[in-house]
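Subject: Structure handover

Hello,

Here is the structure I promised to pass on. Please open it alongside this note.

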Amino acid sequence: MKTTLDELQAFTAVIDTGSISGAAVQLGQTASGVSRALARLEAKLSTTLLRRTTRRLELTEEGSAFLVQARRILEAVEEAEEQMSRRLQHPAGRLRINASAPFMLHVLVPLVGGFRERYPEIELELHSSDQIIDLLEHRTDLALRHGPLRDSTLRARPLGRARIRAVASPDYIARRGRPQQVEDLARHSLIGFTQPESLNHWPLRHPLGESWPIVPSLWASSGETVRQLALAGEGIACLSDFMTARDRADGALIEVLAEANVETLQPIHAVYYRNTTLAARITCFLDYLGECLAQQAWARLR
């Protein structure tokens, strides 16, 4: 579109006030500025919109027809601006969120009720994926990721950090015994991840270092599957506190080799596109999530 909103406003203001000087006062511009805007508009439309006499300005037939459309355009823009203003005051619309299955189940799902109560006009669409997805390809507004970030095309907001520790069920400990030192893990059933391989290097201190590479007896691609196997007594697993905090509090899982644990804090971020202007619904969710995580003992921001 060649015509600008400034030119349309100048044109309609002249009609409404009856003069260029009156339009200039209404728009807070100079008379010469309004006159130039009208001249540009007529040049772009290749037609005369106003007949100028010494006493008054009169609409041409083309000017009358164009005035109707100009008013509709300006009214539509004003309505759109009002809607955006209302959305900022009362955020609305669909918010598409992606997170790993464990983070979705243990962190996000318990917070959904409170968020919907606070922002009833925002529709949540929740997707789980244990793989890193392309936000644009999957039409995702926001992704929650735990672990090191690799994609530099994204903006990231830190939300907290969670400790990683080795755990097992009381049933497993009763059957197989509690490992007393890191080397004892070689005689135990260990539950590991199919990928990434870094998750099979547990943060345990031993004579040769502070990371112990395990040889899993069981493999799983999902953290939640690993957790369920540990709860079922199938072996020892190494998982983030955001998944096991409640299990440990309830006694369903017990930390093992606590004295050898090297405090490793897994970062948690909300990510979105770097060139995205955050809609109010995204900002509201980020603020709400940050507020809730700040109250969780496992979500260490420092």
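Contact here means heavy atoms within 4.5 Å. Please keep in mind that this is a predicted model.

Start with Arg165. This residue lies in strand β6, residues 154–168. Leaving aside its neighbours within four places in sequence, Arg165 is in contact with Ala237, Cys238, Leu239, Asp241, Arg248, Glu255 and Asn261.

Is Arg165 buried or exposed? Arg165 counts as buried, because its relative accessible area is 9% and the cut-off for buried is under 20%.

Two polar contacts of its side chain are worth a look. One goes to the side chain of Asp241, at 2.7 Å. Another goes to the side chain of Glu255, at 2.9 Å.

Asp241 leads on to helix α8, which covers residues 241–250. Buried residues in α8 are Asp241, Phe242, Met243, Thr244 and Asp247. After α8 comes Gly251. The phi of Gly251 is positive, near 85 degrees.

Now the empty space. Rolling a probe the size of a water molecule over the atoms shows where such space is left. How many cavities of 30 Å³ or more are there? The count is one. The largest cavity holds about 50 Å³ of space. Its lining consists of Ile97, Leu108, Leu111, Val112, Phe115, Leu124, Leu126 and Phe285. Two elements, α5 (101–118) and β4 (122–128), each give two or more residues to that lining. Helix α5 provides the largest share, four residues. By type, the lining has eight nonpolar residues, no polar ones and no charged ones.

Best wishes

Terms used
Residues numbered from 1 in each chain as written. Predicted model: local features only at pLDDT ≥ 70, side-chain atom pairs only at ≥ 80, totals over all residues. Heavy atoms only, no water. 1 Å grid on protein atoms, 1.4 Å probe; cavity = no way out; pocket = protein on both sides within 12 Å on 5 of 7 lines; lining within 4 Å. Points joined across faces, edges and corners; volume = space filled by probe spheres on them. Nonpolar A, V, L, I, M, F, W, Y, C, P; charged D, E, K, R; others polar. Buried < 20%, exposed > 50% of the residue type's maximum accessible area, 1.4 Å probe, protein only. Polar contact = N/O pair within 3.5 Å; in protein donor to acceptor, adjacent residues only side chain to side chain.
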